[in-house]
Amino acid sequence: MTELVHPAVADYTLQHSTPADAVLRDLAAETRTATGGSSGMQITADEGALLTMLVRLTGARRAVEVGVFTGYSSICIARGLPAGGRLLALDVSDEWTSIAARHWEKAGVSDRIELRLGPALDSLRALPATAEYDFAFIDADKESYPAYYEEILLRLRPGGVIVLDNVLQGGRVLDPVHQDPRHTAMRGLNDLVAADDRVDAVMLPLRDGVTVIRKR
Ligand SMILES: C[S@@+](CC[C@H](N)C(=O)[O-])C[C@H]1O[C@@H](n2cnc3c(N)ncnc32)[C@H](O)[C@@H]1O
């Protein structure tokens, strides 16, 4: 499966969502130059607009992100937070997140973002096991999504929201012939979330698939 959504439809929906501003466009351009083929990991403008909207709609004050890269999604989340809101941003890469830090400054959100470098599972497990978070975005190593989901759900207040990116894995989750650990982990998590009576969930065919999950 090459295209999950017809390219013309994907373009049309992108063109009819709130566009990226100059800060985000500059970040996307620098990401392409500085990271080459890895730049495809960056979320798109419509996903970014969805994150900002969900943070605002939920009134989230405390957010956590797993997978920062060069900081596009962090800016979108941080922009949705009210004054005094905080985003804990987790990643392993000093190189990529140093690009992020410069663009957080330009976006005027660096005072509300705390970057923690290291394996995200260790960082999450080191947090108090109390329901303090209102919003989470998971967009890192796919094999670890099930563990990230459990650690974050434990720390999410009722009514809080988790957004999972890349849940379709280019369509490979649909076909059990694909047995790469990334695909089996995501297929298993998608099944678990749909049947999980702790949450309500909607999977959207946006880009590589986005699931929006609300804790009951
Ligand atoms: C898909 S990119 C994130 C894209 C980002 N959300 C954006 O909007 O540009 C995945 C990121 O996960 C990070 N990552 C991979 N394995 C990780 C781990 N075990 N712990 C923390 N971060 C990890 C990578 O360094 C990379 O920056």
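Where does F69 lie? F69 lies in the loop between β1 and α4. The model is predicted: local features need pLDDT of at least 70, side-chain atom pairs count only at pLDDT 80 or more, and totals for chains, interfaces and linings use all residues. Residues are numbered from 1 along each chain as its sequence is written.

View 1. F69 counts as buried because it has 22 C-beta neighbours inside 10 Å. The buried class needs 20 or more other C-beta atoms within 10 Å of a residue's own; exposed means 12 or fewer, partly exposed lies in between, and C-beta atoms are placed from the backbone. Q169 sits in the loop between β5 and α8 (181–195). With 22 C-beta neighbours inside 10 Å, Q169 counts as buried.

**View 2. The shell around the ligand.** Around the ligand are 20 residues, each with its C-beta atom, placed from the backbone, within 6 Å of it. M41, G67, F69, S73 and A140 come nearest. α4 (72–80) and β2 (86–91) each supply at least two residues of this shell. By class, the shell has eleven nonpolar, six polar and three charged residues. Here Ala, Val, Leu, Ile, Met, Phe, Trp, Tyr, Cys and Pro count as nonpolar, Asp, Glu, Lys and Arg as charged, and the others, Gly among them, as polar.

**View 3. Strand β1 and its two partners.** Four of the five residues of β1 (residues 62–66) are buried, so the strand is largely enclosed by the rest of the structure. The chain crosses from β1 through α4 to β2, and this β-α-β crossover is right-handed: with the strands pointing away from the viewer, the path from the first strand over the helix to the second runs clockwise. β1 and β2 run parallel, joined by five bridges; pairing requires at least two DSSP bridges between two strands. V64 has L88 as its bridge partner in β2. β1 also pairs with β4 (residues 133–138), in the parallel sense, over four bridges. There, A63 has F135 as its bridge partner.

View 4. Leaving aside neighbours within four places in sequence, I77 is in contact with L51, V55, A63, E65, L87, F135 and F137. Contact means C-beta atoms, placed from the backbone, within 7 Å.

**View 5. Strand β4 and D134.** Six of the six residues of β4 are buried, so the strand is largely enclosed by the rest of the structure. Five bridges join β4 to β5 (residues 156–165), and the two run parallel. Y133 has L156 as its bridge partner in β5. β4, helix α7 (residues 145–154) and β5 make a right-handed β-α-β unit. D134 lies in β4 and counts as buried, with 21 C-beta neighbours inside 10 Å. D134 and V161 are 27 residues apart in sequence and 6.3 Å apart in space, C-alpha to C-alpha.

Technical notes: Contact = placed C-beta atoms within 7 Å.
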